[in-house]
Amino acid sequence: MPTHAPDLPRPDDEDDSSPRSPRGIQSVEVGGQLLKVLARTGRRMALKDLAKAADMTAAKAHPYLVSFGKLGLIEQDAVSGHYGLGPLAMQLGLISLQQVDPVRLAIAELPALAQRIGYTVSASVWGDSGPVIIRVEEGPTAVYVAMRHGTTASVRHTATGKVFAAFGPRERAAGALAAEGFAGALDEPAFAAELDAVRVHQVAEVTDQLLPGISALATPVFDGFGQLVLCLAVIGPSATLQTGPASSAARHLREAARSLSQRLGAAQGPRA
């Protein structure tokens with residue numbers, strides 16, 4: 001009478017209640033590093049340079065590049081022999097951009113951002129006549145300010161407005177400033193220098209400008225075409241909210257904006 005060996009437990013059966021990461025294909029993940037390098041650098045690269053940046057040898061990288069080339073993810077320049085992203089990669093990128101809603105992504109991030117910073121945060125887009133607040137998320141520190149959805153922010157006196165003035169179309173900002181009674185403000189040396197600093201540090205700040213005792217910071221969010229799509233801001237009492245590009249609030253704000261920008265297809269820039 002035949003006997004059967006008892007079924008031995010498989011490693012995956014040891015504890016069905018334990019959390020497990022989804023099982024992937026390692027070779028795909030390894031080869032994907034080459035695609036990441038090309039996406040990060042934004043230029044064609046020689047095989048040896050591409051392989052080195054992906055932390056692999058040229059001999060190891062070449063078969064991946066051949067397979068990616070057959071799929072259209074990679075293409076090789078006929079003259080230089082350098083490798084770049086192929087037509088399928090570009091199609092995937094464009095389709096991804098069409099499917100992403102920057103407003104929805106930003107709104108989803110605000111609750112956690114308010115808790116990390118400890119103050120009220122907001123998201124704004126450009127409306128018909130200036131920056132419009134589309135979402136406000138209160139933080140642990142209460143701020144008694146009439147800031148609500150649909151409020152138009154001053155371009156001259158708010159951190160949000162200065163972000164749009166610094167990174168948005170000049171003509172658009174000039175028109176909004178003129179409507180506020182600040183025609184020609186973009187050519188004023190002090191304001192122009194302030195906007196230059198916003199561009200350098202990726203953060204705008206105001207202290208007691210529009211409302212006494214209230215300070216704010218704001219930072220831009222860009223899409224895959226390098227265009228400003230919205231602005232994140234934090235507002236709080238001047239007595240406790242530390243401003244300045246190196247402050248903790250500014251760092252958290254920039255990190256959130258950078259993450260959103262990357263999800264919208266923007267190239268990863270240097271950390272501030």
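These legends go with close-up views of a predicted model. Local features are taken at pLDDT of at least 70 and side-chain atom pairs at pLDDT 80 or more, while totals for chains, interfaces and linings use all residues. Numbering starts from 1 along each chain as its sequence is written, and side-chain values rest on heavy atoms, with hydrogens and water left out.

**View 1. Here is the open sheet of five strands, in the order E4-E3-E7-E6-E5.** Helices (H or I, at least four residues) and strands (E, at least two) are DSSP runs, numbered from the N terminus. Two strands pair if DSSP finds at least two bridges between them, and the pairing in this sheet is antiparallel. At the edges sit E4 (131-137) and E5 (204-207); each has a single partner strand, so one side of each has no neighbour in the sheet. From one strand to the next, the twist averages 25°, with axes being lines fitted to C-alpha atoms (for helices, over the stretch in contact) and angles running from 0 to 180 degrees between N-to-C directions.

**View 2. Zoom in on E3 and E7, with helix H6 packed on the sheet.** E3 (residues 120-126) and E7 (residues 228-237) share five bridges in the antiparallel sense. Look for Ser124, which stands opposite Cys231 in E7. Helix H6 (residues 159-167) touches E3, E4, E5, E6 (214-222) and E7, where contact means heavy atoms within 4.5 Å. The direction of H6 makes about 35° with that of E6. Eight of the nine residues of H6 are buried, so the helix is largely enclosed by the rest of the structure; among them are Lys162, Val163 and Phe164. (Buried means under 20% relative accessible area, exposed over 50%, and partly exposed in between, using a 1.4 Å probe and protein chains only.)

View 3. You'll find Asp223 in the loop between E6 and E7. (Lys and Arg count as positive, Asp and Glu as negative; His and the chain ends are not counted.) The Asp223 side chain does reach the backbone nitrogen of Phe225 at 2.9 Å, and the backbone nitrogen of Gln227 lies 2.9 Å from one of its polar atoms. Leaving aside neighbours within four places in sequence, Asp223 is in contact with Val229, Leu264 and Ala266.

**View 4. Gln202 and Asp208 each have a positive phi without being glycine.** Gln202 sits in the loop between helix H8 (189-201) and E5, with phi near 60°. Asp208 is in the loop between E5 and E6, and its phi is about 60°. Gln202 is partly exposed at 28% relative accessibility, and Asp208 is partly exposed at 40%.

View 5. The whole structure has six. Asp187 is exposed at 57%, whereas Arg170 is partly exposed at 45%.

How values were computed. A polar contact is a pair of N or O atoms within 3.5 Å; within protein, one must be able to donate a hydrogen and the other to accept it, and residues adjacent in sequence count only if both atoms are side-chain atoms. A salt bridge is a side-chain nitrogen of Lys or Arg within 4 Å of a carboxyl oxygen of Asp or Glu.
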